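Please consider the following model with attention to how its side chains are packed.

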Amino acid sequence: MGRVNLGTIDESLLPAVREACLGDSAPPAAPRPVIGQSWHRARLHGVDPDAGRASPPPLPAEEVEHRRHVSRLGSLLPQLREGLGAIVDVERHLMAVTDAEGRVLWRDGARGVLRSADRLHFSVGAAWTEEQVGTNGIGTALALRRPVQVHAAEHFVRTHHSWTCAAAPLHDPRDGRLLGVLNVSGPAPAFNPATLPLVTAVAKVAEAELRLRHWESVDRLRAVAAPMLSRVGGRALAVDREGWTAAVTGMGPVGRVALPKEVQAGRVWLPPLGPCSLEPLPDGWLVRVEETGPGGGAEAAAHRVVLDLRLPRSWTVTVSGPAGEWSQELSPRHAELLYVLARHPAGRTAAELAADLFGDASRAVTVRAEISRMRRTLAGVIGHRPYRFADSVEVLLLTPAGGTDPLPASTAPGVLAGRRGLPAG
């Protein structure tokens, strides 16, 4: 094949670079930063560079089917295959789609390449995170939440060196939540520098398709709910099954309602609306907002916040009070923000938070916008001037056990300071 342009290094040097870096000696050339940092994480996870580590068994067939059923990615498979067909050699490559935990849910390719993948336990239901198999396209894309190519000896485990992989994360375009990864793998001699840009473009097109389908479903719900809302007295709104608003009456616009994880008809407390009653609609819910006196809303209800950062790629905030409890999944940025605020109970100005998150105090406007988004559901929990958790709220921060870093893919200065055990400034 000759030389392959990997940006900063000649492919023929990769084995020697890897051996030197893993042996703590001077390499003949520096690995690409994305690879060197991934190797470091793999070592911290205890992955054996020669044999890998004992991976958890593949998911049972019924669990795979369940995850396929609830995933928003299954309906996109024909589009993904068609988009990749322009460059992917079906006889030599395979396409794989994972969920947000790195579990392979779908795999497509010729028999020969699938058999080769099986020998590496790259099968449906298998886990392909960095924690399990070290540096690889799927796991490293999950860790970084951005597209990545891993070629030949850039893989941490030696048995993977005959492969090249290009992967891109797939996000829910509505809220940025990670849905999974699109990956193309094949033999290293088949390396094509155009593969990663193609995989990235196909992932973006798939996300755009999800966005289009979402708004089409909201429009359908609006057509059903609008006549009903016109006959409802007081404040009410129609939301889809995930809380996105289709229509509203008697109140200002609401972008999304934080519904409970287990939604059922009846009375419930919803931030920032307060006490509400839920009635089922086709593919959604009618939310009637109960009228309460002064102090009866979200601010009076919230008294405890649990920020759960124990998992490497999935984080939640749970708010509880006399009226009940609700949980919400967090985007990476909002997880970073709440982590920093939890470490600074006295509060942070917008400029200080900008330095904590971006290393640039001038990005205060961006911070204010993110805080504004969070306060739509955390009203009464997040105060301002300076930004902080409200004095009346007990905050519990849950971080990984065993010395594992919280938010492992984050490069925010405020998060890095917490990992190093530096005192909150």
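Which residues have the most contacts inside the largest nonpolar core? They are Leu-338, Leu-353 and Leu-378, in a core of 34 residues. The model is predicted: local features need pLDDT of at least 70, side-chain atom pairs count only at pLDDT 80 or more, and totals for chains, interfaces and linings use all residues. Residues are numbered from 1 along each chain as its sequence is written, and side-chain values use heavy atoms, with hydrogens and water left out.

A nonpolar core here is a set of buried Ala, Val, Leu, Ile, Met, Phe, Trp, Tyr and Cys residues joined through side-chain atoms within 4.5 Å. Buried denotes under 20% relative accessible area, exposed over 50%, and partly exposed the range in between (1.4 Å probe, protein chains only). Two or more residues come from each of β11 (304-308), β12 (316-321), α10 (332-343), α11 (350-358) and α12 (364-378); helices (H or I, at least four residues) and strands (E, at least two) are DSSP runs, numbered from the N terminus. The most is given by α10, with 6 residues. Apart from this core lies another, of 32 residues, among them Leu-22 and Phe-122.

Helix α4 (residues 77-84) buries Leu-77, Leu-80 and Leu-84. Seen down the axis, the buried residues of α4 fall within an arc of 60° (taken from the directions from the helix axis to the C-beta atoms), so they line one face of the helix. On the other side, Pro-78 and Glu-82 are exposed.

Gly-252 lies in the loop between β7 (245-249) and β8 (266-270). Its relative accessibility is 41%, so Gly-252 counts as partly exposed.
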